[in-house]
Amino acid sequence: MSDEPRRFDPAGLGELPAELALGQLPAGKHGLPRSFVVRNQRLRLIAALLRVLPRHGYVETTIGHLTREAGVSRSAFYAQFSSKEECFLETYGLASGWLCDGVESAVASEHWPRRVRVGVGEALRLLAANPPLAHLIAIEAGQAGPAARQRQRESLARLAEILRTGRSDRTELPADLEELLLGGALSVVARRIENDRTEQLPEIEAALVECLLIPYLGPTRSRKIAA
Amino acid sequence: MPAEQETPTNRRSRGARRRPDQVPSPVERIPPRSGMSRAEVIANQRTRIFAGFAAALAYHGYEDTKVTDIVELAGVSRATFYERFESKELCFDAAYEDGVERLTVAVEAAAREERGWINQLSAALRAGLAFLAADPALAHLLFVEALAAARPARLEHERSLERLADALRGPVALDEGTVSGETARMLAGGLASHLSGRILAGEAESLPELHDALFHYLLAPSLAAPRTTDERRAAAL
């Protein structure tokens, strides 16, 4: 775990250096290979979606907003994505995948239940350091249609799986209890973000960790681990 | 070839939220000259418009639902619709408020039948799930579309969650004290988001089956150690 939380940069997910991947290419003949141009436009549209969503919200965001922000033509957008929803789903997949990867590597050497504290703490720090990503994951994904909601459920299930590793089974509790609790945590996070308190997200670490552990450890031990 | 006339069930929808498996059924109408007073007729029209809206939404999604779809399913004229509501948006807000109100009444009535917070919680949960299962279109409106709609409805949804959170805190200290406001809000949010996911997956009718799992979930932070439902009840009574 580093002191400085990492930044989510869609360009860093491609094979290209960031400055090339996201910069607007010179018009006309630049001699760059076609595949490069296409990849560049795709990543620029994804980065544009991340920047535009907090301003307009998913429902009101138009293809025009995205193409203006990205500096690509409308036809270039449709060469990349069939719809706003498709662009959203790809962006969400990259963003949630990045967040889960970050949590997974932070907890790699931790054992349950400390694993829960470290993982939740890392997730909150990554969200706090990346407000557009936090907005996308916690708020917009709930409003972008059934496919987005389904992806959100899958992400919560993956996060739950990461956090529960090493915990003994409790057959008397519902199998998806952690997903339910994480869904609740996500709604608390969303409310903070809507109230412009994204940067203070790490403040709720102890409260969330306690909630996630109580069913398994009881209040006294949970509080001790969360504190 | 003559163009087929568009109706709410055959109109092509661009909407990503379209649920072709949920073909809307028209709302039950009142026979003419039924002896209803003016006020009763207006109340009945409102109810039908809300039901028509919910039915259209479940099929088309919010963005693609048109006033035409609503009035056709509700069996009222366009003029009547606009007499009651200025716009689709305001009608949605009213329909949401009406739905939450009816859900709340059902839940509170069930809770009043029981003694002890734990039993009340269980009964309230059972009644809420049954209410939503009986009207999947309304469930979709309340738990799916309200989250996706424009801001006022979402703020309203947030207020509903606060009310639910207050109810979940419970009147009594169980084991080591009551649930904190933050925890209760988290429980409420998790419950709503889980229901939303199930309803979106077209499983509204089987919501009552979730009672035991959700009951465990809602009690999780209140009670110390994991126990069976019976032990939890015994401990709390």
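**Helix packing and chain contacts in a predicted model**

Helix 2 of chain A crosses helix 3 of chain A in a right-handed manner (a crossing is right-handed if the near helix is turned clockwise from the far one by less than a right angle, left-handed if anticlockwise). Helices are DSSP runs of H or I, at least four residues, and strands are runs of E, at least two, numbered from the N terminus. This is a predicted model: local features need pLDDT of at least 70, side-chain atom pairs count only at pLDDT 80 or more, and totals for chains, interfaces and linings use all residues. Residues are numbered from 1 along each chain as its sequence is written, and chains are lettered from A in the order in which they are written.

Helix 2 (residues 34–60) and helix 3 (residues 63–70) of chain A pack at about 120 degrees, with axes 8 Å apart. Residues are in contact if their C-beta atoms, placed from the backbone, lie within 7 Å. Helix 2 of chain A contributes residues including R44(A), L45(A) and H56(A). These meet H65(A), L66(A), E69(A) and A70(A) in helix 3 of chain A.

Between chains, 31 residues of chain A contact 28 residues of chain B. Helix 9 of chain A gives the largest share of the chain A side, ten residues.

Chain B has ten helices and zero strands. Of its 237 residues, 41% are buried (20 or more other C-beta atoms within 10 Å of the residue's own, placed from the backbone).

Technical notes
Buried ≥ 20, exposed ≤ 12 C-beta atoms within 10 Å, placed from the backbone. Axes fitted to C-alpha atoms, helices over the stretch in contact; angles between N-to-C directions. Contact = placed C-beta atoms within 7 Å.
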